[in-house]
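Thanks for coming. I will walk through one model today, starting with the whole chain and then going to its spaces and a few residues. Please have a look at it first.

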Amino acid sequence: MNIFESLLSSVNIFKNRDVLRHSYTPEKLPHREEQINQLALLLSPLLKGGTPSNIFIYGKTGTGKTATVNFVGRQLEEASKKAKQNVAVHYINCEIVDTAYRVLASIARRFGSNVPMTGWPTDQVYDEVRKVLELRKVRVLIVLDEIDKLVKKAEEALYGLTRINSELKNSSISLIGISNNLKFKNFLDARVLSSLSEEEIVFPPYNAEQLEDILWQRSKLAFEDGVLEEGVIQLCAAIAAQEHGDARKALDLLRVSAEIAEREKDTKVRVEHVRKALRKIETDYMIETVRTLPVHSKILLYSMSLLSEMAEKFTTGEVYCVYKKLCSKVGVDSLTQRRISDLISELDMLGVVNSVIISKGRYGRTREMKLEADKDALRKVLEEDYRLQSLKKFGGDLKKFANLRLFEF
């Protein structure tokens, strides 16, 4: 029997799971009418042969910024054909296209120029952009998503794009910058800031009711009829509303809940599946966060994972003692206890550790903490780091470790 036959014959929950992914742009965007109308009004000069102001859009993750811009951009291109205007929208994700050269090459290639993605002087690519736009006689709206990633490496390219219109006669460039960082503008060069932030649109977080509307809209397209148990959408919306009104989290929760139900061969997506999905998503997030941590934070977490085998909660002093021993095992100079206390605070902010300051009366105060991440998953991802390979034996002999007195380790 083919290994996929049993999967194909199982109960079908999804009609179209891609509807629940971040990349999907729906035909209607609930609760973003105000921002859509504001953006359309600002971009309307493109339909009359004019050049609109540059626009800066900001708001927290999952507030619909990218989806709204893509929605309006699609409508803009459709309307420009009817108005007999040559208007094009070019989307760039600055987390991927993150250098001056790549941004300029991306624009040139979008309009037919055969610019290599590496190898030319940046000035030559800039000239190629100018030439190809003039040749095409096109008014371009360039969307720079996660623009804060670009500023760190290519602020001069950004400045050049804000000034390129002075060198164009038959075409023009307008910019939309999108950022999750509300303090992003503080890091912009004054020249770029004055050109880019001509108009601003703020996207507020969604509340629980608005998230419910979004999930109901997507669920009708994503699922077969009757597969969602009562309360599933409400719970997904309530959890995401607590996380700054993040629609992405709400959609991820609903999708992963359905995938878990599918794997369990259940005929319905139930509330218990949402709770399982939440644990999985949070674990996945923590694992990705831990992978990017510096080595001392990783050793610190490894120390906590060992201590958690003996007790659910432990103090800064206990963690520091084990941390110092592990540093000597891997050949790394240990940090001071004060610096370790700062690292623990950072891990607390990331949600990997939960810590509280407790009073010991006349003995002063101490920080008591516990791991929020799954111990086994945490240790596995920490051991991926080649510098921590020599610590594996402690993970394999925890009973012996637990029987030792802490300060004899």
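What follows is a short tour of this predicted model.

First, the ground rules. This is a predicted model, in which local features need pLDDT of at least 70 and side-chain atom pairs count only at pLDDT 80 or more, while totals for chains, interfaces and linings use all residues. Residues are numbered from 1 along each chain as its sequence is written, and side-chain values use heavy atoms, with hydrogens and water left out.

Now the chain as a whole. The C-alpha trace spans about 80 × 55 × 55 Å along its principal axes. There are 17 helices and eight strands. Helices here are DSSP runs of H or I with at least four residues, strands are runs of E with at least two, and both are numbered from the N terminus.

How much of the chain is buried? Of its 409 residues, 47% count as buried. Buried means under 20% relative accessible area, exposed means over 50%, and partly exposed is in between, with a 1.4 Å probe and protein chains only. The chain exposes about 21,500 Å², and carbon and sulfur atoms supply 49% of that area. Accessible areas come from the Shrake-Rupley method with a 1.4 Å probe, and for residues only the protein chains shown count as cover.

On contacts, meaning heavy atoms within 4.5 Å: take those between residues at least 6 apart in sequence, and 70% of them join residues at least 24 apart.

Next, one sheet. Two strands pair if DSSP finds at least two bridges between them. By that rule, three strands form an open sheet in the order E6-E8-E7, with antiparallel pairing. Strand E6 (314-315) and strand E7 (353-359) are the edges, each pairing on one side only. E6 pairs with strand E8 (residues 365-371) over two bridges, and Thr315 has Glu368 in E8 as its bridge partner.

Now the spaces. The search uses a 1 Å grid over the protein atoms alone. A cavity is a set of points where a 1.4 Å probe fits but cannot get out; a pocket is an open set with protein on both sides within 12 Å along at least five of seven lines; lining residues have an atom within 4 Å of a point. Grid points are joined across faces, edges and corners, and a volume is the space filled by probe spheres set on the points.

The largest pocket holds about 1,100 Å³ of space. It is lined by 26 residues, and the closest to its centre are Glu243, Asp246, Lys249, Ile281 and Tyr285. Helix H10 (247-263), helix H11 (271-291) and helix H14 (337-350) each give two or more residues to this lining, and H11 gives the most, with eight. What classes of residue are in the lining of the largest pocket? There are six nonpolar, six polar and 14 charged residues. Here Ala, Val, Leu, Ile, Met, Phe, Trp, Tyr, Cys and Pro count as nonpolar, Asp, Glu, Lys and Arg as charged, and the others, Gly among them, as polar.

The second largest pocket has a volume of about 630 Å³. Its lining has 32 residues, with His22, Gly62, Thr66, Ala67 and Arg248 the closest to its centre. Helix H3 (65-82) gives the most to that lining, with five residues. By class, the lining of the second largest pocket has 10 nonpolar, 13 polar and nine charged residues.

Among the residues that line the cavity are Thr283, Met286, Ile287 and Ala373. H11 supplies the largest share of this lining, four residues. The cavity lining divides into seven nonpolar, one polar and one charged.

Last, two arginines. Arg32 lies in the loop between helix H1 (5-8) and helix H2 (33-43). Is Arg32 buried or exposed? Arg32 counts as buried because its relative accessibility is 3%. Beyond its neighbours within four places in sequence, Arg32 is in contact with Thr63, Thr68, Phe203, Pro204, Pro205 and Tyr206.

Arg74 lies in helix H3. Its relative accessibility is 29%, so Arg74 counts as partly exposed. Not counting residues up to four places away in sequence, Arg74 touches Thr25, Pro26 and Glu27. Arg74 and Thr25 are 49 residues apart in sequence and 9.8 Å apart in space, C-alpha to C-alpha.

That is the tour.
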